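Have the sequence and the 3D view ready as you read.

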Amino acid sequence: MNETQQENIPKVFISYSHDSPQHKTWVAELAAKLVDKGIDVTFDRWDLKRGGDVPKYMERISCLG
């Protein structure tokens, strides 16, 4: 994939409430469907490790746009 093609890939950051296991599952399924459609997904459950530094994670992803 060349640089122009990479620039044209849609990107999405998923922000959601962690209020119930069902909601967390629904959001994870949505993220997986988006990836299957070729969208570059930033999703905390995939990108932020347990015990990770949340402020640093948020700062890092804010610079991705």
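## Contacts along the chain

Of the contacts in the chain with a separation of 6 or more, 40% are between residues 24 or more positions apart; a contact here means heavy atoms within 4.5 Å.

This is a predicted model, where local features need pLDDT of at least 70, side-chain atom pairs count only at pLDDT 80 or more, and totals for chains, interfaces and linings use all residues. Residues are numbered from 1 along each chain as its sequence is written, and side-chain values use heavy atoms, with hydrogens and water left out.

## The layout

The chain has four helices and two strands, and from the N terminus on they run α-β-α-β-α-α. Helices (H or I, at least four residues) and strands (E, at least two) are DSSP runs, numbered from the N terminus.

Of the 65 residues, 15% count as buried. Buried means under 20% relative accessible area, exposed over 50%, and partly exposed in between (1.4 Å probe, protein chains only).

## The core

Which residues make up the largest nonpolar core? They are Ile14, Tyr16, Val27, Ala31, Val41 and Phe43. A nonpolar core is a set of buried Ala, Val, Leu, Ile, Met, Phe, Trp, Tyr and Cys residues joined through side-chain atoms within 4.5 Å.

Leaving aside residues up to four places away in sequence, Val27 touches Ile14, Tyr16 and Phe43.

## A look at His23

His23 also sits in helix H2, and is partly exposed at 26% relative accessible area. Not counting residues up to four places away in sequence, His23 touches Tyr16 and Ser17. A polar atom of the His23 side chain lies 2.9 Å from the backbone oxygen of Ser17.

Key: Polar contact = N/O pair within 3.5 Å; in protein donor to acceptor, adjacent residues only side chain to side chain.
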